[in-house]
Amino acid sequence: GFKMFWVHHCDFNSTEPKDIKYVLSYYYNKIEFTRFDSDVGKFVGYTEYGVKNAEEWNSGAYLTQAKADKERYCQHNIGVWYSNP
């Protein structure tokens, strides 16, 4: 069967917002078709299907949510993930 999944992660050098990058990638059958990168600030499509998704997602509330996830997901958890015991 075919597999569709998404992965999100945070890249950072410090806890400062300017040093944090949030990436949300969508895959179908191991091929990335759409990605949100907080440094770019929008969704980008890598396949014909991905381009259509990116156009739709960039014009609606999903883009706003993805932008907010940098703070909600990354900034909130950095201290938890990398705290010194």
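This is a predicted model: local features need pLDDT of at least 70, side-chain atom pairs count only at pLDDT 80 or more; totals for chains, interfaces and linings use all residues.
Local features were taken only at pLDDT of at least 70 and side-chain atom pairs only at pLDDT 80 or more, while totals for chains, interfaces and linings use all residues. Residues are numbered from 1 along each chain as its sequence is written, and side-chain values rest on heavy atoms, with hydrogens and water left out.

The chain holds two helices and four strands. Both element types are DSSP runs, numbered from the N terminus: helices are H or I with at least four residues, strands E with at least two. Their order from the N terminus is β-β-β-β-α-α. The C-alpha trace spans about 45 × 30 × 20 Å along its principal axes. Contacts (heavy atoms within 4.5 Å) were examined between residues at least 6 apart in sequence. Of these, 30% join residues at least 24 apart.

The chain has 85 residues, of which 31% count as buried. Buried means under 20% relative accessible area, exposed over 50%, and partly exposed in between (1.4 Å probe, protein chains only).

The chain carries 10 positive and 11 negative charges. Lys and Arg count as positive, Asp and Glu as negative; His and the chain ends are not counted. Each charge is placed at NZ of Lys, CZ of Arg, CG of Asp or CD of Glu.

Five salt bridges were counted. The criterion is a side-chain nitrogen of Lys or Arg within 4 Å of a carboxyl oxygen of Asp or Glu. Among them is the pair D19 and K18, with an N to O distance of 3.3 Å. D19 counts as partly exposed because its relative accessibility is 24%. K18 is exposed, at 69%.

Another bridge joins E32 and R35 at 2.8 Å, N to O. E32 has 16% relative accessibility and so counts as buried. R35 reaches 27% and is therefore partly exposed.

The bridge between D69 and R72 has an N to O distance of 2.9 Å. Both residues lie in helix α2 (residues 61-81). They are three residues apart, about one turn of the helix. D69 is buried, at 8% relative accessibility, whereas R72 is exposed, at 51%.
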